[in-house]
Amino acid sequence: MPKIGVYICHCGENIAGAVNIEEVKKFVEKLPDVVVVRDYLFMCSDPGQEIIKEDIRKGLVDRVVVAACTPRTHEPIFRKACEDAGLNKYYFEMANIRDQCSWAHWHEKEKATEKAKQLIAAAVAKARLLEPLEDRYVELNKNVMVVGGGIAGIFAALDLANAGFKVYLVEKSPSIGGNMAKLDKTFPTNDCSACILTPLMVEVANHPNVELLTYSEVEAVEGTVGNFRVKVRKKQTYVDWEKCTGCGACLNVCPPKARVPDEFNEGLSLRGAIYIPFPQAVPKKAVIDPDACISCSGRWFGEEPRRTKDGKPILAPCEKVCPTGACSRDEPRDPNGELIELNVGSIIVATGYRVMDKKHFKEFAPDSPNVITALQMERLISATGPTEGKLIVPSDIPKYLEWKKKVEKGKEAKLEARKPHVITFVSCVGSRDERFHTYCSKVCCMYMLKQAMLLKEKYPDLDIYIFFIDVRTPGKDFDEYYMRCRKLGIKIIKGKVGGVQRLPDERLLVRGYDADLGKPVELISDIVVLATAIEPNTDLKDLARKLGINVGAEGFLRERHTKLYPVDTMTEGVFICGCAQGPKDIPDSVAQAKAAASSAMSLLAPGKMRVEPLISEVNPEKCTGCGICAPLCPYGAIEYVEVDGKRRAKINEAICKGCGVCTAACPSKAITLHGFTYEQVLAQIKTIARKGVIEEV
Amino acid sequence: MSEEWEPNIIVIACNWCTYQAADLAGSLRYSYPPTVKVVRVPCSGRVEPEFVLEALINGSDGVLIGGCHPGDCHYKEGNYKALRRFKLLHKLLTELGIEPERVRLEWIGGSEGLKFAEVMKEFDATIRKLGPNPLKR
């Protein structure tokens, strides 16, 4: 006869506040095979666990039921306690009377108490049928794939590589660097973004343990923790990267017709169909954008060139100017690129974010070139931006570029671009807005202050207004930064901007509300900067699905537990960091990246991993070899073997994941899913159906 | 029965989605009827039709199977297996004279705590309308 101990947790007031513990205890004491019932304020605390261990050590109990929070977080803790006290840890069962009882039925205390009784009775019914199991061990592949080459991905990769792990760093654009590469300076120290980022980009690219896979995307992921098989598509670059030296000769010869908005400059300037994302790109290699290329020489890759009258081949300008032959169009190129397969033990997702486009905000005159997003402002004031950091109104950037072209050709020219006198910032554009995103994008307050400070320090005559709903500057040295801005004479207005009107002279009329004055205000501004929300990347959901991890309602990746497992996911071996998990600044992204790297390290370093033996097993005595189960298995873990001359199903325990699909389908009940056997689940169901009365077995 | 009849509802929930959603509903304090009690299984594909039938035979008034959304199954395709079995089971229930509305299949994702609570409220209302399970009467 099993000796079951039931341990009821108060969870402070969390459970005891809704569930009458004494009443439950009286009920549970009468359940069959229950020999001990105890309660404690916090069962998971050290003294709480000691109560359980003591009973096991004394031989009072040989099955343990804990009625507390949720097995999702606390089952491993209590199993460990059982094991430490010398009990097979699979002689443990949990009743969820907090998350699924007291919290949900807080105002119906009697009914919550009744439900708790039934849930505990169901757990006891299952505990009577538990069986001892032994853990299995699987070998772990020690390679790691990091997806996303922004600041988070770079740090995760570097930490792992420095610890001796082989890292594949997969980045979808032609260069690593991510959004941080687009920033001018970074708060709260105002150090130049490129100065701190580019050395890291070079370091990670040159690290002997890092294999850089830029212009590549994850196509499919199979396998599980320790043994993931990943298919990565290396997109077609149309430039031979073996030969390309990144000299940039091809960039200027691409014809004007093939020019498209430059992603790196957030559309403030144009780039050619052949391009290097930015001057400090790593790797510094050119790619051809096949959608933009107009095949100006009249031939695509692998086609015969057209010829002049005297028979000479007509080459594309990029092809002609390339000193190494990297741009040659002689050979055909597969538009699908190349599919490669990686074997890794762990995966870190660091795919970052995108900023919301201004087009969604009709009230802020998005058609005006002088209404820009904050990321566009970064480009406008950056020394690597379209104007080399010279501050002009964005509507005059084309004039600037023309002027620059003339000057470069040695011609006399006068720059006739307008300098702004008034700049207005609008906060919470798309964030904290029920129409778009209810969350706070977290970094906007600080970057608006930063941009305002940089502008004001460089151009003291500028009038700068920032409209805030609230100024949110928690963080080390952040509020001091805000006070510095105020002292500089930047005008902070508490209130919302209701609308922006485009004026005929390309200036902008800003209508807002000043909560301190208690009345509407109007001002004429040369540039309006919208702090548009940080959003998850469009393809994040797709990637999450491939990895079997969850996204939250707002579209960011969900961590396993907000507080305790902030970089873990529901798929073991897959970790997350940076803005893919939620909006955050650079220090937080780096901290999370390092956390993800160390989580992957502590997972992989031992080389093997314990896995729960909660998988299916065939009883060859009962199996009739009917053939129903094998085709149902999602992992192909079932094969048929000869046992005493008869066909019998056999489950490969290294492949089985324990879903139980075969177990449910077997007409002879020959397959057992350990931990969730037919008898165990049925006993729980029957007990609840009978309102807490356990059927005698 | 002397006391007023209250439905007895069993939710057989997949560990990765609906069970998580039930936890989330609690932690966000979305309340739903305490008539609902969850039994955890690894996957909706683990649910045997007997589980549902036994629940009804033993006195439950309604059974809801909760799985991951199509395409989101932790085990790739267990939820599709659940869907197929569920459709057959529904036919069988009708033939046995049990209202098929008593047995329901729902896809409730791990982040859908609110949906969990809403579905449970609605299911509880449906069962109340149907009255006690005829097998029990």
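Two residues are taken to be in contact if their C-beta atoms, placed from the backbone, lie within 7 Å. The model is predicted, so that local features need pLDDT of at least 70 and side-chain atom pairs count only at pLDDT 80 or more, while totals for chains, interfaces and linings use all residues. Residues are numbered from 1 along each chain as its sequence is written, and chains are lettered from A and ligands numbered from 1 in the order in which they are written.

**Contact between the chains**

On the chain A side 45 residues take part in the contact, and on the chain B side 39 residues do. At least two residues of the chain A side are supplied by each of α4 (98–102), α5 (109–127), α16 (661–665) and α17 (678–689) of chain A; helices (H or I, at least four residues) and strands (E, at least two) are DSSP runs, numbered from the N terminus. With eight residues, α17(A) provides the largest share of the side of chain A that touches chain B. By residue class, that side divides into 21 nonpolar, 12 polar and 12 charged residues. In this division Ala, Val, Leu, Ile, Met, Phe, Trp, Tyr, Cys and Pro count as nonpolar, Asp, Glu, Lys and Arg as charged, and the others, Gly among them, as polar.

**Chain A as a whole**

Chain A contains 17 helices and 34 strands. Its C-alpha trace spans about 100 × 75 × 40 Å along the principal axes. Of the 697 residues in chain A, 48% are buried; a residue is buried if 20 or more other C-beta atoms lie within 10 Å of its own, exposed if 12 or fewer, and partly exposed in between, with C-beta atoms placed from the backbone. Among the contacts in chain A with a separation of 6 or more, 69% are between residues 24 or more positions apart.

**Two buried strands**

Strand β27 (residues 527–532) of chain A is mostly covered, since six of its six residues are buried. A:Ile527, A:Val529 and A:Ala531 point one way from β27(A), A:Val528, A:Leu530 and A:Thr532 point the other way, and all are buried. β27(A) runs parallel to strand β20 (residues 371–373) of chain A, to which three bridges join it, and A:Thr373 stands opposite A:Leu530. Strand β21 (residues 422–429) of chain A is also parallel to β27(A), with five bridges between them; here A:Phe425 stands opposite A:Val529. Two strands are said to pair if DSSP finds at least two bridges between them.

In chain B, strand β3 (residues 62–67) is largely enclosed by the rest of the structure, because six of its six residues are buried. β3(B) pairs in the parallel sense with strand β1 (residues 9–14) of chain B over five bridges, and B:Ile10 stands opposite B:Val63. Five bridges also join β3(B) to the parallel strand β4 (residues 103–107) of chain B, where B:Arg104 stands opposite B:Leu64. Together with helix α3 (residues 78–96) of chain B, β3(B) and β4(B) form a right-handed β-α-β unit; a crossover is right-handed if, with the strands pointing away from the viewer, the path from the first strand over the helix to the second runs clockwise.

**Helix α3 of chain A**

In α3(A), the residues A:Pro71, A:Arg72, A:Phe78, A:Arg79, A:Ala81 and A:Cys82 are buried. They cover an arc of only 155° around the axis, which puts them on the same side of α3(A); the arc is that of the directions from the helix axis to the C-beta atoms. The cover over these buried residues includes α2 (46–57), β3 (63–68) and β4 (92–96) of chain A, together with α1 (18–27) of chain B. After α3(A) comes A:Gly86, whose phi is positive, near 95°.

**Backbone geometry in chain A**

| Cis peptide bond | Omega |
|---|---|
| A:Phe187 to A:Pro188 | about -5° |
| A:Val282 to A:Pro283 | near -5° |

A:Pro188 is found in the loop between β8 (185–186) and β9 (191–192) of chain A, whereas A:Pro283 lies in the loop between β15 (274–275) and β16 (287–288) of chain A.

A:Tyr238 is not a glycine, yet its phi is positive, about 60°. A:Tyr238 is buried, with 22 other C-beta atoms within 10 Å. A:Glu388 likewise has a positive phi, near 55°, but counts as exposed, with 10 C-beta neighbours inside 10 Å.
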